[in-house]
Amino acid sequence: MRYSIFNLMRQALTGHRGWGPAWRDASPKPAYDIIVIGGGGHGLATAHYLAKVHGIAKVAVLEKGWIGSGNAGRNTTIIRSNYLLAGNNPFYELSMKLWEGLEQDLNYNTMVSQRGVLNLYHSDAQRDAYVRRGNAMRMHGVDAELLDAAAVARMLPFLDFANARFPIQGGLLQRRGGTARHDAVVWGYARAASERGVDIIQNCEVTDFIRQNGRIAGVQTTRGAIRAGKIGMAVAGNTSRVAHMAGLKLPIESHVLQAFVSEAIKPFIPGVVTFGAGHFYLSQSDKGGLVFGGDLDGYNSYAQRGNLPTVEDVCEGGMSLIPAIGRVRMLRSWGGIMDMSMDGSPIIDRTPLDGLYLNAGWCYGGFKATPASGWCFAHLLARDEPHDVARAYRLDRFARGHLLDEKGVGAQPNLH
Ligand SMILES: Cc1cc2nc3c(=O)[nH]c(=O)nc-3n(C[C@H](O)[C@H](O)[C@H](O)COP(=O)(O)OP(=O)(O)OC[C@H]3O[C@@H](n4cnc5c(N)ncnc54)[C@H](O)[C@@H]3O)c2cc1C
């Protein structure tokens with residue numbers, strides 16, 4: 001059913017008894033053209049674009065839990081396209097453009113809110129790096145503005161500008177950046193894909209791969225064997241585990257990242273702000289909670305929960321930036337498993353195994369990539385060739401030594 005003001009009025013007159021489920025909770029069929037493993041944002045977006053753009057709807061999304069139970073439903077919802085490198089910038093800008101039209105495309109309120117993303121700088125060297133990044137963005141047609149301290153103070157007067165160790169000198173602003181409601185994105189893609197015939201199968205864990213004539217021909221699951229012409233992996237933090245079932249070793253490590261929400265307070269943060277002298281970022285949800293996060297927990301793990309030393313570290317970052325935040329009570333915190341690649345950039349490519357395709361390495365920036373990731377993975381699965389804006393995301397770049405190191409920190413996954 002289409003969501004519209006007319007349908008809303010019609011339902012209001014009949015006691016709202018006519019709304020159907022947003023998507024079909026399908027049972028597995030014996031075979032599909034394409035199976036996508038992982039019912040997070042990326043898997044569901046891939047299925048939607050396979051059906052909508054490429055006309056391939058004999059597709060199943062297999063999810064071991066419930067859709068959105070992974071990082072898609074655990075992230076801090078920031079979207080932006082403020083990248084420096086030519087291999088990244090056009091991809092994330094495609095994503096931003098897809099975000100800008102997503103609600104119309106999906107006929108679903110994903111609460112895309114372009115309230116701005118501001119990265120603060122605290123030294124001359126950091127300002128110069130931001131000037132370079134801003135110029136690279138503008139050369140790619142992406143909006144970027146460099147603000148001095150006075151301009152930042154007009155936007156965010158409550159920041160600690162005179163902090164003795166990290167005085168704020170200014171910031172790089174992308175006004176088109178902002179936030180989107182993460183679980184609504186999952187539900188919106190699921191609904192749109194399901195309407196086009198895609199089977200979304202929950203509680204269906206992939207436990208092994210079926211090999212036939214030297215190629216991957218299907219999967220074993222907790223709900224039986226399912227065959228497919230092509231299989232795409234979009235399992236984020238579980239990438240190494242699932243790849244291991246196929247005998248693949250990937251340049252990926254899994255790490256925990258935590259997020260935090262405070263009690264609801266009156267609106268005071270207009271957009272997203274990041275501290276440049278430590279790892280801390282902050283926005284405010286429409287319900288009033290401060291949503292914030294920081295660094296990885298610092299060791300490999302598949303546990304979807306975090307630990308106290310990082311809670312302390314993140315709160316210290318918050319206090320350095322906004323001392324008043326110390327008066328706010330923290331309400332909830334949780335963790336997600338990040339698929340950290342060796343250079344901090346993703347992989348969208350075929351694997352060395354015929355029939356098996358890979359979408360992974362999103363580190364902790366994969367939510368903003370959701371639409372473009374789905375778009376490009378669908379392109380790869382449908383046409384067997386990489387999409388133009390994802391050409392840098394080939395798996396063999398690690399063997400060739402052509403890393404896509406946006407941060408410039410080297411081949412150390414926990415630093416990206
Ligand atoms: C705390 C936190 C904050 C973050 N903040 C941001 C942010 O502000 N902005 C941003 O851009 N990114 C952010 N991210 C990163 C972003 O959430 C992820 O990069 C992105 O969601 C990963 O893609 P996905 O949505 O497909 O992953 P997921 O939602 O994790 O989807 C993968 C799915 O695969 C399923 N799966 C795994 N193994 C199997 C199996 N064997 N069989 C079947 N299914 C399986 C899992 O259950 C899961 O549902 C954050 C992440 C976390 C944890």
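Author: Two residues are in contact if their C-beta atoms, placed from the backbone, lie within 7 Å. This model is predicted. Among contacts in the protein chain between residues at least 6 apart in sequence, 74% join residues at least 24 apart.

Reader: What makes up the protein chain, in helices and strands?

Author: The chain holds 11 helices and 18 strands.

Reader: Why is the protein chain called as compact as a globular protein of that length?

Author: Set its radius of gyration against the globule rule. The rule gives 22 Å for 416 residues. The chain has 21 Å, which is close to that value, so it is as compact as a globular protein of that length. Along its principal axes, the C-alpha trace spans about 65 × 65 × 40 Å.

Reader: How many of the 416 residues count as buried?

Author: The cut-off is 20 or more other C-beta atoms within 10 Å of the residue's own. Buried residues make up 49% of the 416.

Reader: What makes β4 and strand β6 a pair?

Author: At least two bridges between two strands are needed. β4 and β6 (residues 170-174) have 5, and they run antiparallel. Asn119 stands opposite Leu172 in β6.

Reader: In what sense do β4 and strand β13 pair?

Author: Parallel, over 3 bridges, with β13 covering residues 272-275. Val272 in β13 is the bridge partner of Val117.

Reader: Why is Tyr108 called partly exposed?

Author: A buried residue needs 20 or more other C-beta atoms within 10 Å, and an exposed one has 12 or fewer. Tyr108 has 19, so it is partly exposed. Tyr108 sits in the loop between α4 (102-106) and β4.

Reader: Which residues does Tyr108 touch, not counting residues up to four places away in sequence?

Author: Tyr3, Glu103, Ala184, Trp187, Gly188 and Arg191. Arg400 is 292 residues from Tyr108 in sequence and 42 Å from it in space, C-alpha to C-alpha.

Reader: Into which domains is the protein chain divided?

Author: Domain 1 is 24-81 + 84-107 + 182-251 + 343-415, and domain 2 is 117-176 + 254-340. Their centres, taken over C-alpha atoms, are 27 Å apart. Their contact takes 25 residues from domain 1 and 26 residues from domain 2.

Reader: Which helix gives the most to the side of domain 1 that touches domain 2?

Author: α3 and α8 (239-245) each supply at least two residues of that side. α3 gives the most, with 4 residues. The residues on that side divide into 10 nonpolar, 12 polar and 3 charged.

Reader: Where does the ligand lie, and how do you know?

Author: Domain 1 and domain 2 both give residues to the shell around the ligand, so the ligand lies between them.

Reader: How many residues surround the ligand, and which are the closest?

Author: There are 39, and the closest are Gly38, Gly40, Gly70, Gly336 and Gly366. α2 (41-54) and β12 (252-264) each supply at least two residues of the shell.

Reader: How do the residues of the shell around the ligand divide?

Author: They divide into 14 nonpolar, 20 polar and 5 charged. Gly counts as polar here.

Conventions:
Residues are numbered from 1 along each chain as its sequence is written. This is a predicted model: local features need pLDDT of at least 70, side-chain atom pairs count only at pLDDT 80 or more; totals for chains, interfaces and linings use all residues. The radius of gyration is taken over C-alpha atoms; the globule rule is 2.2 Å times the number of residues to the power 0.38. A residue is near a molecule or strand if its C-beta atom, placed from the backbone, lies within 6 Å of it. Domain bounds come from an automatic or database domain assignment.
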